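Thank you all for coming; I would like to walk through one structure this morning, slowly and one region at a time. Please have the sequence and the model in view as we begin.

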Amino acid sequence: MGVGPYLVDRVDGSLHSIGVLSAKGGEWENDYRARVRGLPVRTAVDDPHDEIREIGAARSRMHAARALRQRLPVLSPAQAVEYTDALLGGAPPAHFVAIAAGQLSEPICPALAVRTIRPRRSRALPE
């Protein structure tokens, strides 16, 4: 085990080790909320999605698709239009979100990630 700091989840009692550098910079918080607790956290794709929706509403679907291709040049023009249509109509397909996340997200350094030492307590009743 490391030298700390440690985090005890007050909801489920799980114990987690937070690296010193991560604790100092605060990078552990989003990692913990998303990966360990499964809570929604704004991701690298949320801002571009908001921007594309705004462009689509203010200008046109094609302007939004062009802006999306500028952000994600790995998409073909047809994919950009399909992605834009999905964004403007609600939620985009998961495969497009995965492409965008892969292109826009920087992976967290393993040294900055939260490491679970003792998992959640089981809530099962004794037999």
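**A walk through the predicted model**

Let me begin with helix 2, in which W28, D31, Y32 and V36 are buried, where buried means under 20% relative accessible area, exposed means over 50%, and partly exposed lies in between, with a 1.4 Å probe and protein chains only. These residues cover an arc of only 100° around the axis, which puts them on the same side of helix 2; the arc is that of the directions from the helix axis to the C-beta atoms.

Residues are numbered from 1 along each chain as its sequence is written, and side-chain values use heavy atoms, with hydrogens and water left out.

What do the buried residues of helix 2 pack against? They pack against strand 1, strand 2, helix 1, which is 20-25, and strand 3, and contact here means heavy atoms within 4.5 Å. Helices (H or I, at least four residues) and strands (E, at least two) are DSSP runs, numbered from the N terminus. After helix 2 comes G38, whose phi is positive, near 75°.

Stepping back to the whole chain, the secondary structure comes to six helices and three strands, and along the sequence these follow the pattern β-β-α-α-α-α-α-α-β. Of the 127 residues of the protein chain, 30% count as buried. Among contacts with a separation of 6 or more, 53% are between residues 24 or more positions apart.

The three strands form an open sheet in the order 1-2-3, and the pairing is antiparallel; two strands are taken to pair if DSSP finds at least two bridges between them. The edge strands are strand 1 (6-8) and strand 3 (114-118), each of which pairs on one side only. Neighbouring strands of this sheet are turned by 30° against each other on average, with direction ignored. Strand 2, residues 15-18, pairs with strand 3 in the antiparallel sense over four bridges, and S17 stands opposite R115 in strand 3. Helix 2, residues 28-36, packs on this sheet, touching strand 1, strand 2 and strand 3, and its direction makes about 55° with that of strand 3. For such angles, axes are lines fitted to C-alpha atoms, for helices over the stretch in contact, and the values run from 0 to 180 degrees between N-to-C directions.

Next, the aromatic rings. Rings of Phe, Tyr and Trp (its six-membered ring) pair if their centres lie within 6.5 Å, and planes under 30 degrees apart count as stacked, over 60 as edge-to-face and the rest as tilted. How many aromatic pairs does this rule give? The count comes to two. W28 and Y32 form a tilted pair, 6.3 Å centre to centre with 55° between the planes. These two residues are four apart in helix 2, so they are separated by about one helical turn. W28 counts as buried at 18% relative accessibility, and Y32 counts as buried at 8%. Y83 and F96 form a stacked pair, 5.1 Å centre to centre with 10° between the planes. This pair links distant parts of the chain, with Y83 in helix 5 and F96 in helix 6 (residues 94-104), 13 residues apart, and both Y83 and F96 are buried.

That brings us to helix 4, residues 61-71, in which A64, A65, A67 and L68 are buried. They cover an arc of only 160° around the axis, which puts them on the same side of helix 4. What covers these buried residues? The cover includes helix 3 (46-58) and helix 5 (77-89). Within helix 5 sits T84, which is buried, with a relative accessible area of 0%. Leaving aside its neighbours within four places in sequence, T84 is in contact with I52, R61, A64, A65 and L68.

Finally, please look at A101 in helix 6, which counts as partly exposed at 28% relative accessibility. A101 and T43 are 58 residues apart in sequence and 8.0 Å apart in space, C-alpha to C-alpha.

Key:
This is a predicted model: local features need pLDDT of at least 70, side-chain atom pairs count only at pLDDT 80 or more; totals for chains, interfaces and linings use all residues.
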